Amino acid sequence: MVGALATLLGSSAIIWLGLLARYRCDTELLRTEPRSLVPWRGTHVAVAFFLYVVLPVMAVVIVQQRFDIPWEEDSFDNNSSAVAWILGGDSLLKFAAAALTITFLRIDLKATLSDLGFRANRIKSDLVCGLIAFAAIAPVVYLIQFVLKTVYNKLVEEEAAHPIETFIRNNPTPSIIFWCFFSVVIVAPFVEEFLF
């Protein structure tokens, strides 16, 4: 753990020094590429909103009715099976929503996959760029999070924790761990990046 932290901090320092050197030489920090704009209209935003927001909310309502769960805030704490269904259903629905949105945009706007940001020839360079950005920014983000969590814990009687983290600690079943990981680490980044 200490070695990984030292590697991350060292990498971050080297990257920031490189960025500073590029800035001082008036060099672009990140090379920009011209792209043609996809002609979005209100209809496209409405369809995406329906697919990404309305369908998952409907899924939660259906699961709550199936498991007879009240709407109170703590009602899911004693029903890990229902939460696994909700996380799994929500994750799969969001992937389906992305596929439907892509299909709709390709048919309605004649948008290419490149227009939508999917370029097979750029996967390697995009991954390298993402790893470099992570190495540069992660220590700063983790430091801010550490400071805020420390201050919060001193001001409030309960310990600061993400609701997913708390839920996994209280319900460490394999299905909960899998669906939480799948939802938070895979689905959320993909869906949010695509949607925005």
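This report covers the fold, surface, aromatic pairs and selected residues of one predicted model.

## Fold and dimensions

The chain holds six helices and zero strands. Read along the sequence, the pattern is α-α-α-α-α-α.

The radius of gyration of the chain is 21 Å. For a compact globule of 196 residues, a value near 16 Å would apply. Along the principal axes, the C-alpha atoms fill a box of roughly 65 × 55 × 30 Å.

Contacts can also be sorted by sequence separation. Take those between residues at least 6 apart in sequence: 67% of them join residues at least 24 apart.

## Surface and charge

Of the 196 residues in the chain, 24% are buried. The chain exposes about 14,400 Å². Carbon and sulfur atoms supply 69% of that area.

Charged side chains number 15 positive and 18 negative. The centres of the two sets lie 13 Å apart.

## Aromatic pairs

The structure holds five aromatic pairs. One of them joins phenylalanine 178 and tryptophan 179. Their ring centres are 4.9 Å apart and their planes meet at 75°, so this pair is edge-to-face; the cut-off for that class is over 60 degrees.

Phenylalanine 178 also pairs with phenylalanine 182. Here the rings are stacked, at 5.9 Å centre to centre with 10° between the planes. The cut-off for stacking is under 30 degrees. Both phenylalanines lie in helix 6, which spans residues 174-195. They sit four residues apart, about one turn of the helix.

Ring pairs also build a cluster. Its members are Phe95, Phe178, Trp179, Phe182 and Phe190.

Phenylalanine 178 has a relative accessible area of 44%. That value falls between the 20% and 50% cut-offs, so phenylalanine 178 is partly exposed. Phenylalanine 182 has a relative accessibility of 16%. The limit for burial is under 20%, so phenylalanine 182 counts as buried.

## Threonine 101 in helix 3

Threonine 101 is in helix 3. Its relative accessible area is 4%, so threonine 101 is buried. Leaving out residues up to four places away in sequence, threonine 101 touches Ala48, Leu51, Tyr52 and Phe194.

Valine 184 gives a reference point for threonine 101. The two are 83 residues apart in sequence. In space, they are 21 Å apart, C-alpha to C-alpha.

## Lysine 110 in a loop

Lysine 110 lies in the loop between helix 3 (80-109) and helix 4 (123-155). The backbone of lysine 110 has a positive phi of about 60°, although the residue is not a glycine.

Lysine 110 has a relative accessible area of 66%. The cut-off for exposure is over 50%, so lysine 110 is exposed. Threonine 101, by contrast, is buried at 4%.

Methods
Residues are numbered from 1 along each chain as its sequence is written. This is a predicted model: local features need pLDDT of at least 70, side-chain atom pairs count only at pLDDT 80 or more; totals for chains, interfaces and linings use all residues. Side-chain values use heavy atoms; hydrogens and water are left out. Helices (H or I, at least four residues) and strands (E, at least two) are DSSP runs, numbered from the N terminus. The radius of gyration is taken over C-alpha atoms; the globule rule is 2.2 Å times the number of residues to the power 0.38. Buried means under 20% relative accessible area, exposed over 50%, partly exposed in between (1.4 Å probe, protein chains only). Contact means heavy atoms within 4.5 Å. Accessible areas come from the Shrake-Rupley method with a 1.4 Å probe; for residues, only the protein chains shown count as cover. Lys and Arg count as positive and Asp and Glu as negative; His and the chain ends are not counted. The place of a charge is taken as NZ of Lys, CZ of Arg, CG of Asp or CD of Glu. Rings of Phe, Tyr and Trp (its six-membered ring) pair if their centres lie within 6.5 Å; planes under 30 degrees apart count as stacked, over 60 as edge-to-face and the rest as tilted.
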